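Colleague: Before I rely on the labels used for this fold, could you set each one against its definition for me?

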Amino acid sequence: MVNLVVFFGGESCEHDVSIITGLQFISKVNEYLYNVIPIYINKNGDWLTGKNLKDLDNFPDNLGKSAKVGILDNDKSLYKIGKSHKAKKICDIDVAVLCLHGAGGEDGVISASLESSKIPYINSSIMPSAVCMDKIVFDYIVAGMGIAKVDFLAVTKFEYDEDKSAVLDRVNNFGFPIIIKPARLGSSIGINVCKNYDDLESLLENSFEFDCRLLIERYVNVKKEVNIACFLNKNDIVLSKTEEPISKQEILDFGQKYVANTGMENMKRIMPANISKEQHENIVDIVCRVYSALNMFGVVRFDFLIDENDKLYINEVNTIPGSMAYYLFEDTYSYPELIDMWLTNALIRNTNSQMKVKDYSSSILKQGLNGFKK
């Protein structure tokens, strides 16, 4: 039986959402094929496992006798960490799944740990995870690819503390209204709409509570939002249906996404999105270009905006989407079928990676240090 480790929780503002995504995933795994090992990362960063961690009703106060666990470099085993910090092997990890939204998970941090332990995992690797988590870096990249993006500028807390007036003037010259976003946060947390200079200082400072770097975007009159997900199956990019979330507010906030709907899959939406054939083709082209260019892997959700003049903009990309975006594929695949494909592809990727040449023989060591300058 395959030992499948599922990570959820994490040290981020999206901790609770991550629990929902993780437990949704676990509930759909075929337990005749996979031995599911939940790893809950609490808000202190501890990795915990235990039978109570598979049931949402036990969070946050009835986790039972959870064991603290960890992994080691160049070692595919999961270890129980005792009070004396001695490690006792629990099992080998065959494959892992990251259901960690936000910092410390979606940004590639846990991916790096899995890479160093040579553990296969179904998600994007370190580079695309880090790039897509950082809205500022992502925007520069897609703008450089010639893909339409809402006008933006970046502001840092260091700049703001050094010369607040200069930053306020720069944003003021950019013009209003604007949307202020923490650069490395998701689920619409910390986002503010600013319509005039009088509110700018307080809204910047509010968003700075969540990140030391902010993305300032031109506010556009959005006629509709359109989302689509995809994943790599062998050499083919598999595309989902499009969706058009229904919102009566200026921005789709955390409450609408999760609190009022208990997860992304229950949010009100039109599926497929009410868009033209040309718009759909444009979206598919952008998704395939960006997914390939950034060497993404696993399921990824792309979010787009269409303004009042029918102009299409890429908004952001989620390398660990809410509910793993399975609701966008459910007309074609069951969740267990998706899980099987994702896990199979993760194992193939890992095998191919381990087959790469990692040794290059040379005579450089025999030459000593004489040829090197201090």
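Colleague: What makes β5 and β6 a pair, and in which sense do they run?
Modeller: Strand β5 (residues 75-81) and β6 pair in the antiparallel sense over 5 bridges, and two strands count as paired if DSSP finds at least two bridges between them, so the term applies here. Within β6, K88 is the bridge partner of K80. Please keep in mind that this is a predicted model, where local features need pLDDT of at least 70, side-chain atom pairs count only at pLDDT 80 or more, and totals for chains, interfaces and linings use all residues. Residues are numbered from 1 along each chain as its sequence is written, and side-chain values use heavy atoms, with hydrogens and water left out.

Colleague: Why are β6 and β7 said to stand at the edges?
Modeller: The open sheet has 7 strands in the order β6-β5-β4-β3-β2-β1-β7, with mixed pairing. Because β6 (87-92) and β7 (95-98) each have a single partner strand, one side of each is left without a neighbour in the sheet.

Colleague: What makes β9 "mostly covered"?
Modeller: In strand β9 (residues 178-182), 5 of its 5 residues are buried, where buried means under 20% relative accessible area, exposed over 50% and partly exposed in between, with a 1.4 Å probe and protein chains only. I178, I180 and P182 point one way, I179 and K181 the other, and all are buried.

Colleague: Which strands pair with β9, and over how many bridges?
Modeller: β9 pairs in the antiparallel sense with β10 (residues 192-194) over 3 bridges, and likewise with β11 (residues 213-218) over 5 bridges.

Notes. Helices (H or I, at least four residues) and strands (E, at least two) are DSSP runs, numbered from the N terminus.
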